[in-house]
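The following exercises concern one protein chain and are each followed by a worked solution. Please study the sequence and the model before reading the solutions.

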Amino acid sequence: MDALAASSAGPKKRVAVVGAGIGGLAAAIRLAATGFEVEVFEKNAQTGGRMGRLEASGFSFDTGPSLLLMTDTYRELFRSAGRDLDDYVRLVPLDSDYRVTFGDGDALTIRRTLPELIKELERIEPGVTPRFYRFLEDACHKYRLGRSEFVERDFARARDFFGLRNLRLLLKTKALGNYYRQVSRFFQTEKLRQAFSLQTMYLGLSPFEAPAVYSLLPYTELAEDGLWFPEGGMYSLVEAMERLATELGVRFHMNSQVEEISVSKGRARGVRAAGEEIGADAVLANADLPYAYRELLGGTADGDFRLRRRERLRYTASAFMLYLGVDGKLADMVHHNFYLSGCYRENFQAIFRDRRLPEDPSFYAVVPSKTEPRMAPEGMESLFVLVPVPHIGPEVDWGRDGDAFKEKVYGLLERRCGLDRRRVVYEKVRTPPDWHDEYNLEEGAAFGIGHGILQVGYFRPPMVSKAVEGMYFVGASTRPGTGVPLVTIGARLVADRIRREVGSL
Ligand SMILES: Cc1cc2nc3c(=O)[nH]c(=O)nc-3n(C[C@H](O)[C@H](O)[C@H](O)COP(=O)(O)OP(=O)(O)OC[C@H]3O[C@@H](n4cnc5c(N)ncnc54)[C@H](O)[C@@H]3O)c2cc1C
């Protein structure tokens with residue numbers, strides 16, 4: 001790493017970014033595009049963080065995100081730098097969004113065109129059509145209001161959140177009600193209630209605990225933008241962002257773990273990485289927020305985020321992952337597949353209430369080579385399996401329980417997906433401790449801190465430190481929340497704050 005001179009040497013203000021996840025990349029693009037000098041420090045060899053790529057034995061796997069939604073957020077990011085996303089990566093709309101297989105083996109394919117979808121829904125719940133339209137109308141309302149009034153705002157002052165208008169909106173849309181109860185108002189069968197509540201799993205949440213506002217998720221899939229897939233896999237979007245950042249002059253320091261954020265006289269002065277001090281006018285932590293406070297700020301910022309509160313934070317679920325290279329085709333599967341447990345509610349209770357490994361887990365399996373054949377050698381498939389499990393805690397010891405759980409998952413894959421285990425020619429396993437170690441995710445929580453009522457909006461840890469001047473945060477555990485589109489929106493909000501508060505000249 002170069003020794004960097006103090007920022008006063010040049011006319012530009014310098015921002016040191018800790019982490020090259022989606023939040024770090026998107027913020028770096030915006031800051032560089034508006035005249036900041038941006039230095040990004042990433043502990044790993046690859047940019048993208050959780051949105052990584054694994055290449056082995058001719059197979060290619062996206063390691064984290066697989067569902068691309070709200071594509072307008074990425075288009076807007078590239079536009080903000082005077083570029084067109086299409087010149088960097090091609091996004092392909094998926095014909096059928098996904099298939100949900102219920103505990104009894106019956107399956108529902110969520111199709112992109114309305115007549116086909118309605119036919120499927122009527123087969124499962126005759127007479128559901130008008131109620132389905134009312135569900136969509138309600139979810140549309142939540143999406144529009146949720147996005148403009150809550151997601152796209154940084155709530156700099158408490159009154160921005162607690163204003164009468166917001167309280168009225170929250171009450172009117174019942175956004176803070178219980179998700180599963182809300183969905184149950186529109187659907188009478190357990191199957192459709194499950195099919196339109198499973199989406200909270202995208203955020204590592206239980207539908208039995210999540211706020212109703214997240215019905216905006218199935219809405220974005222069904223009616224707003226649908227599901228997309230970048231040519232070459234999800235990681236192509238990361239490569240596009242890295243390329244744009246580099247063109248704008250962002251400097252990446254890879255394999256460069258930040259050991260400390262330097263603070264003196266109440267102000268962030270830079271970072272220490274590989275034993276070297278690098279001065280900066282502002283520091284933006286993209287590393288998981290609770291980790292950044294605990295490990296990098298060492299308690300100096302307790303003024304705005306007290307230890308006590310940190311200990312009370314609630315976390316999302318984690319993910320047990322199998323990345324499998326399969327010789328032959330997986331004829332029974334489509335690109336995105338959800339396999340729901342026959343004990344749907346108990347499965348969530350095991351993970352979120354009892355914090356133990358579920359007996360009969362629901363899981364999600366992706367075969368990206370169905371859309372992008374280049375992700376597997378000819379005649380083979382790459383298979384990504386995600387099983388929601390509790391975050392790190394005393395109830396599960398992965399050293400002791402990991403192998404038996406893997407065997408259970410293989411059993412499910414054989415029974416429910418038609419996988420012949422003898423055809424698996426490549427295997428990589430990832431458990432919650434791996435998420436913790438590879439990305440410094442507190443508690444190994446794959447999606448960051450939770451999104452219960454007391455951890456959303458103004459209650460979520462803010463992206464600007466009050467105790468340390470020039471200290472900012474971006475990513476899944478700060479506002480507005482987890483998921484690639486939300487983190488991308490957060491990057492815009494924080495870059496705007498840095499521009500206003502630190503200034504680009
Ligand atoms: C299995 C899985 C599936 C998911 N599926 C989806 C999906 O389908 N759709 C969706 O929208 N979202 C999905 N998500 C959520 C999404 O991945 C995250 O919300 C998002 O990628 C978080 O980005 P981030 O920038 O906040 O953090 P990260 O990706 O964690 O980036 C932070 C970076 O900081 C680096 N870092 C940490 N500490 C240091 C340090 N001390 N010094 C230097 N660097 C450091 C890390 O290595 C990492 O690269 C999924 C997540 C997981 C885990």
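Domain bounds, as used below, come from an automatic or database domain assignment. The model is predicted, so local features need pLDDT of at least 70 and side-chain atom pairs count only at pLDDT 80 or more, while totals for chains, interfaces and linings use all residues. Residues are numbered from 1 along each chain as its sequence is written, and side-chain values use heavy atoms, with hydrogens and water left out.

**Exercise 1.** Determine how domain 1 and domain 3 are placed relative to each other.

*Solution.* Step one is to list the segments. Domain 1 comprises 3-53 + 63-91 + 233-312 + 453-501, domain 2 covers 119-220, and domain 3 covers 317-439. Step two is the separation: the centres of domain 1 and domain 3, taken over C-alpha atoms, are 30 Å apart. Step three concerns contact, which means heavy atoms within 4.5 Å. Nine residues of domain 1 contact 13 residues of domain 3.

**Exercise 2.** Decide whether the radius of gyration of the protein chain agrees with that of a compact globule.

*Solution.* The radius of gyration is taken over C-alpha atoms, and the globule rule is 2.2 Å times the number of residues to the power 0.38. For 505 residues, the rule gives a value near 23 Å; the protein chain has 22 Å, which agrees. The C-alpha atoms fill a box of roughly 70 × 55 × 50 Å along the principal axes. Of the contacts with a separation of 6 or more, 72% join residues 24 or more positions apart.

**Exercise 3.** Classify E224 and S369 as buried, partly exposed or exposed.

*Solution.* The cut-offs come first: buried means under 20% relative accessible area, exposed over 50%, and partly exposed in between (1.4 Å probe, protein chains only). Because its relative accessibility is 32%, E224 counts as partly exposed. S369 has a relative accessible area of 4% and is therefore buried. Over the protein chain, buried residues make up 61% of the 505 residues.
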